[in-house]
Amino acid sequence: MNSVILRNEIQEKINEIKEADILVGIPSYNNARTIGHVVKAVHAGLSKYFPDKKAVIINSDGGSSDGTMDVVQGATIEDYKSILVQHRVEPVFTIATPYQGIPGKGSAFRTIFEIAAALNVKACAVVDSDLRSITPEWVELLIKPVLERDFDYVLPLYHRHKYDGTITNSIIYPLTRALYGRQVRQPIGGDFGFSGKLAKFYLTKDVWESDVAKYGIDIWMTTTAIANNFKVCQSFLGAKIHDAKDPGADLSAMLYQVVGATFDLMEEYPGVWKKVKASEPVATFGFQYAVGLEPVNVNIDRMIEKFRLGVKELIKIWEGFISRDIAAFLRRSEDLQKESFHIPDEVWAEIVCSFAIASHRKIMNREHLLKSLTPLYIGKTASFVIETRESDAQQVDQKIEQLCRVFENIKLFLNVNWR
Amino acid sequence: MDFFQKVIIEPSERLLESILQFLPNFFSALLILFLGILLGKVLKSVFARLFRAVGLDRFFERTGTAELMKKRGLKDPASVVLSKLVGWITVFIFAVAAMKTLEVPAVERILESFILYLPNFFVSLLILFLGYMLSNFFARAALIASVNAGLRMSGLIGKTVKFTVLVLAGTMALEQLGIGRETIVISFTILFGGVVLALSLALGLGGKDIAREFLEKKLRGEDKKDEFEHL
């Protein structure tokens, strides 16, 4: 196979392996501390659940300086007897390679898709390299629906802390569900299973120089699979606990890339999402159980302060595309005290839709537009934290379900104004 | 009779002769002006279509210039305004050519010095225009970035960025026009240096406690971070 991005030694390795049944990709960047555990879990999963399948583990690295790739090459399971009843028949190959292209998770995935296509694999999975809660069962849950049930795309379903994944809960999940009509709870979960056919389809798209090559890859993979009628399901993986993220990671840059990628996909598939009237559940695999989660520290005062600052300074920018009622509400909420601080779901859904329409109409520089959403998002998150302070996981799920229904109801506004 | 001949007839004949000599030039000038007006209208229409086709209006909207033009009373889209400008420049060039055709020495001298100065005028207009657009763009970028960083004086930061870019553009435009070249550069340097010095002093004297508190929090890790994951 001729690839523009794979290095010569990888091409040689591919020629040596020739074909494989399963490929598990692990994108990484300075994850030496955790990637050993992830590789071992994947290795154990492949050995335990797919002993007769030819499998390859690919570490696609973004130029780590902490020896991440050495850890991957050295990660082996010393005592197979403790985890396996029977010995593996087929070997597991491990390849660690730096990826090429613009730095980001998307470029790492592109290398994984390329190798998957070159090896003509039947099923693939990708898992994050900073996971602390991954178990061998994750490999089974992400791969088996593809190999045995003919699904093309397997999304994760986790138990997360009620305040975790707030961009997912307040924007990406409700919007994706309302747009494309599938109730996929973690559209940007980061750990996915997919068929070799879908990996080849992804490679036909020319998106590798856009935000998709960065944080946008997850929503792009999910939306592309759904919008192109690939068979989609989700698997319950348990708790998602990972290494502390880089504290310097910029929230507005993250929001810009993820929300921007979602809005870009709306541009690509208007013919698909405009026809969708309601959402439906997707097949779900895995045994669901309650898990204990670590407590999370949230500074509500500071969040409200950031929201107020945003309203004070940026309302004139927003007034160019949000309705008068929403602008009036935001001006009023500037004076609300912490106890009465609340952003209703209807207001939030209209704000997100107004930003989508403003982005579609290109009324201003896109980066400015999307980054100006940050204080409003922080305000909505503060409101959510206040509302769910005493709620258990089930009540929080109900609250998110309620928000999703509001998004589905407001979709007509989006359809009408998307010209 | 001689007197009548010398005082009335001869000057009248000379005047008539001059008028007759001048008339062809005058009609040529009128024709050139008429052609200029006609070409101006054609070019205005052509450029309006061209500007619309290349998405100039969208570009102005995205940079926020369209909104500011509206606020300044310019309600037409940028493509219309600029195509009108192209039309008027065409008419102006033909008007100048028409005036040259008249072959009046005084007019020719004035025109010559005016025409030599004209490129400077247009370049400085362009500098001002670009400066205005860039000032809006950078001011908005600075405002949003500082709001997202939680800085209370975000508004001031945005305005300072806008003011700085505008002053820089103004200085460059005036320098292009050759108005007090050195005075302007020196004034700008003094003004800019003064502002930076004033800000440094204000920050150093007024904000030393805040800076200490901030550094203490950072170094001792007293500032509690939100621990939840956004994605």
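Glu408(A) is counted as buried because its relative accessibility is 18%, where buried means under 20% relative accessible area, exposed over 50% and partly exposed in between (1.4 Å probe, protein chains only). Glu408(A) belongs to helix H16 of chain A, residues 393–409; helices are DSSP runs (H or I) of at least four residues, numbered from the N terminus. Apart from residues up to four places away in sequence, Glu408(A) touches Arg177(A), Ala178(A) and Ser279(A), contact being heavy atoms within 4.5 Å.

The model is predicted, so local features need pLDDT of at least 70 and side-chain atom pairs count only at pLDDT 80 or more, whereas totals for chains, interfaces and linings use all residues. Side-chain values use heavy atoms, without hydrogens and water, residues are numbered from 1 along each chain as its sequence is written, and chains are lettered from A and ligands numbered from 1 in the order in which they are written.

The largest nonpolar core contains 114 residues, of which Tyr153(A), Phe194(A), Met221(A), Trp318(A), Leu330(A) and Trp348(A) touch the most other members. Such a core is a set of buried Ala, Val, Leu, Ile, Met, Phe, Trp, Tyr and Cys residues joined through side-chain atoms within 4.5 Å. The most residues, 10, are given to this core by helix H13 (residues 345–361) of chain A. Beyond its neighbours within four places in sequence, Leu330(A) is in contact with Phe307(A), Val311(A), Ile315(A), Trp318(A), Ile322(A), Ile351(A) and Leu376(A). A second, separate core of 33 residues includes Ile22(A), Ala75(A), Leu142(A) and Ile143(A).

Technical notes: Helix = DSSP H or I, 4+ residues; strand = E, 2+ residues; numbered from the N terminus.
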